[in-house]
Each structure stands twice: as structure tokens, then as C-alpha cells.
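Reader: Before we look at any detail, could you take me through how charged pairs and enclosed spaces are read from a model?

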Amino acid sequence: MAQNIAKLDEIMGAAPVIPVIILDDVDAAIPLAEALVAGGLPALEVTLRTPNALKVVEKMAGVKGAYVGTGTVRTKADIEKSIAAGAQFMVSPGAPRQLLEEALNFDVPLLPGISTATEAMAAAEMGYQRLKLFPAEAVGGAKLLKSFASPLPDLKFCPTGGVSVQNARDYLSLPNVICVGGSWVVPGDVIEAGDFAHIENLAATAARLTEGA
């Protein structure tokens, strides 16, 4: 098998930003997902960094119009638990060969993280043409991705890590960037306060980042 590029393109192309969500409050899962989808950001990455992350995924997976995935996927067990919880895609911070091999045995696609041309080429050799640049700003940001475009024309990216509303357009203007990942649309204090109308407004602003580009 190879990476399900068509499915990833559908998910990554749904909006310019994929919110990177760190959430432990299961009760906030549905209203948060509904606010993000209503604001125009249907692809949601829930990181496996909290005890209740998989329960959050289960709740969000039932929200109409949402593509719910898991982030910080590092092991085969993470893959299996993600799929059981209803994840439609998975994201990893790196691209170790064993994880990439394991992921090809499952229908739910993995978006592996890379930070160098060598890692990108190694992933491509295994059938992965959709990749996450991570941590994007720390490893060279938009300038690095721009330099990848000519020698690696078959690869498309979702840069994550240090991406903000201030620099997102720099990435989104590149031909090899489908979308960006960011946490600025899901601030923890706003979620804690239950101000989901504000979350929807943040999502709506992010969804318009490619307008006029």
C-alpha cells in the first residue's frame, strides 16, 4: 500500500488551516469542534498529549462536517487507538521508518513529520508524498519549503510549529503548501472560558487567509 494521497488532499485542502488541538476536557470537545467547523475549519488535529485525547476524538468524530484526526502519533498502538476512536487521518512529529511501514497497513492515512530534504526523500521512497514540516519555523520555515519546491516537485506540505496568523500567508503562498497547522485558533484560556463564539471568529479569520492570495 501507499499513502492515501487522495484522502489527505481532501482533508488538507478543506481549509487553509488545520487547528492543532491540545484538549483534556471531554465536555468541551463537541462545542469546540462545532465552532471550528462553523468558522470554516473542518479538519481538526487532536494531539495525543492528554489523558482524555482519544475520548475527545470520539466526541468530535460525531460532529457533522468535521474531519477529525490525531496528532503526536508515534507508535503502532497510537495508530490502532486513533482508528478505534474514529480518526480519519493521523499526524506524526517525525518519520521513523518503522512507523511509516506500520502506517501503510492501515486505511487511515498518516501525515508524517519531516524537517530535512533527506527525511522528505526517504519518506517519498516509501510512498509518502504528503508531509508535515515540523517544527516549521525552527528548521527554516517558508524559505526552506520554497527551496524544496524545485528539487522535490511531487511533495506537498503542511507546515506546523511556530506558524501563526502573522506568518501563515508566507507559507500558504508557496506552491508546495496545501495548508498549515496551528494552535492560535484554539487558545486554551478561551476554551476554558467556554467562549466558543470567539473560537468561531478566530476560525473564520483563519479560513480567509488565502483570500486574494
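Author: Let us begin with a single side chain, keeping in mind that this is a predicted model. Arginine 130 has a relative accessibility of 9%, so this residue counts as buried.

Reader: Which residue forms a salt bridge with arginine 130?

Author: The general idea is that side chains of opposite charge can pair when their charged atoms come close. Here the partner of arginine 130 is aspartate 9, and their closest N and O atoms are 2.6 Å apart. Because aspartate 9 lies in helix α1 (residues 5-12) and arginine 130 in strand β7 (residues 130-133), the pair ties together parts that are 121 residues apart in sequence. Aspartate 9 itself, at 30% relative accessibility, counts as partly exposed.

Reader: How many salt bridges does the count come to?

Author: The count comes to two. In the other pair, the side chains of arginine 97 and glutamate 101 meet at 3.0 Å, N to O; these residues are four apart in helix α5 (residues 97-103), so about one helical turn separates them. Arginine 97 is exposed, with a relative accessible area of 55%, while glutamate 101, at 39%, counts as partly exposed.

Reader: Which residues line the largest cavity?

Author: Rolling a probe the size of a water molecule over the atoms shows where empty space is left. In this structure the search finds one cavity of 30 Å³ or more, and the largest cavity holds about 40 Å³ of space. Its lining consists of Ile18, Glu45, Phe89, Val91, Leu111, Lys132, Cys158, Thr160 and Gly181, which divide into five nonpolar, two polar and two charged residues.

How values were computed:
Residues numbered from 1 in each chain as written. Predicted model: local features only at pLDDT ≥ 70, side-chain atom pairs only at ≥ 80, totals over all residues. Heavy atoms only, no water. 1 Å grid on protein atoms, 1.4 Å probe; cavity = no way out; pocket = protein on both sides within 12 Å on 5 of 7 lines; lining within 4 Å. Points joined across faces, edges and corners; volume = space filled by probe spheres on them. Nonpolar A, V, L, I, M, F, W, Y, C, P; charged D, E, K, R; others polar. Salt bridge = Lys/Arg side-chain N within 4 Å of Asp/Glu carboxyl O. Helix = DSSP H or I, 4+ residues; strand = E, 2+ residues; numbered from the N terminus. Buried < 20%, exposed > 50% of the residue type's maximum accessible area, 1.4 Å probe, protein only.
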